[in-house]
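Thank you for making time this morning; please take a moment with the sequence and the structure before I start.

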Amino acid sequence: MKIMFKKHGVSPAVAKRGTPRVRFTGLSAGYPGRTVLHQLDVEIPALAITALVGPNGSGKSTLLGVLAGVIRPTSGELRHVGNRPPAFVPQRGAVGDALPLTVRQTVEMGRWGARGPWRRLTRQDHATVDTAMERLGITDLATRQLGELSGGQRQRALIAQGLAQESDLLLLDEPTTGLDAEARDRIAALLTDLVADGVTVVQATHDLEAARSADICLLLSDGRLAEQGDPERLLTPSTLARTWQPA
Ligand SMILES: Nc1ncnc2c1ncn2[C@@H]1O[C@H](COP(=O)(O)OP(=O)(O)OP(=O)(O)O)[C@@H](O)[C@H]1O
């Protein structure tokens, strides 16, 4: 099993549109005693939005975990092209409601990877945090406790934390689930803007509109890649019935 990241400061090989930002070959991964992903051969295109779709339990979050580097593959090869670690925005439900953090502190945590948790943030870090909060429309929530926010507001705080990491690879686990139409549209527009700014976006989603508006769709089934390609071609009525059936 091989995982290759291009290192900081070493001939920055930044992915270009049309080239893969991440490539897996024969990749298997899962949890202790349980293989979830089986022999995936996948290319995640740079400077595009990739939607991971598939029924509950098909392995979307596990694949995001592998991309984020928090789940190690058990076999196969995973190659990143790019010189910054990915930013991972977990599912809203995966983040404790009782964490005694304000929105601003939550977003500031996005700078820890660059600065470390105990080092003071620089003026530039604070400016990055301000911009991330502005882009998500949560500046006026800065001093509110995370636990007292609505689901949609908390989701936006988590995405802002991801943006504050200034990665060129943003991984999101169901970023629009449970949000109203306006919030979903806002996030969709943001993701498109991020791609224009040089970010590669991968989102696991059960949101049909989000999947349709992606550049490419990877359809997982039982931890295997069932299909990949243009969402309009892939999201046929039978796929929709299978993937978007009520839980
Ligand atoms: N921490 C874990 N330990 C053991 N098995 C796990 C763990 N997390 C997930 N699984 C199992 O891995 C499989 C894939 O789960 P995963 O969360 O990746 O699917 P998913 O496609 O994201 O599902 P959903 O659409 O419900 O979010 C499931 O069978 C699940 O039970």
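Let me begin with a question: how many of the 9 residues of helix α1 (residues 60–68) are buried? The count is 7 of the 9, so α1 is largely enclosed by the rest of the structure, where buried means that 20 or more other C-beta atoms, placed from the backbone, lie within 10 Å of the residue's own, exposed means 12 or fewer, and partly exposed is in between. The buried residues of α1 are Lys 60, Thr 62, Leu 63, Leu 64, Gly 65, Val 66 and Leu 67, and the helix is followed by Gly 69, which has a positive phi near 85°. Helices here are DSSP runs of H or I with at least four residues, strands are runs of E with at least two, and both are numbered from the N terminus.

Residues are numbered from 1 along each chain as its sequence is written.

As for confidence, pLDDT is the predictor's confidence in each residue, from 0 to 100, and the protein chain averages 87, with 89% of the residues scoring at least 70. The mean is lowest in strand β1 (residues 2–4), at 44, and highest in β8, at 97. Over residues 1–12 the pLDDT is below 50, although this stretch has 17 contacts in the model beyond near neighbours in sequence, a contact being two residues whose C-beta atoms, placed from the backbone, lie within 7 Å. Where pLDDT is low, the predicted coordinates should not be read in detail. For the complex, the predictor gives an ipTM of 0.97 and a pTM of 0.90.

Turning to the ligand, the residues around it include Tyr 31, Arg 34, Asn 56, Lys 60, Ser 61, Thr 62 and Ala 204, each with its C-beta atom, placed from the backbone, within 6 Å of the molecule. The largest share of this shell, 3 residues, comes from α1, and both β3 (34–45) and α1 supply at least two residues.

Now to the sheet, which is open and has 6 strands in the order β6-β7-β8-β4-β9-β10, with mixed pairing; two strands pair if DSSP finds at least two bridges between them. The edge strands are β6 and β10 (224–229), each pairing on one side only.

Within this sheet, strand β4 (residues 49–53) is mostly covered, with 5 of its 5 residues buried: Ile 49, Ala 51 and Val 53 point one way, and Thr 50 and Leu 52 point the other way. β4 pairs with β8 in the parallel sense over 4 bridges, and Leu 52 has Ala 204 as its bridge partner in β8. With strand β9 (residues 216–221), β4 also pairs in the parallel sense over 4 bridges, and there the partner of Ala 51 is Cys 217. Strand β7 (residues 169–173) is joined to β8 (residues 200–204) by 5 bridges, the two running parallel, and Leu 171 stands opposite Val 202.

Finally, Pro 90 sits in the loop between β6 (87–89) and α2 (103–108), and it counts as buried because it has 20 C-beta neighbours inside 10 Å.

Methods
Predicted model: local features only at pLDDT ≥ 70, side-chain atom pairs only at ≥ 80, totals over all residues.
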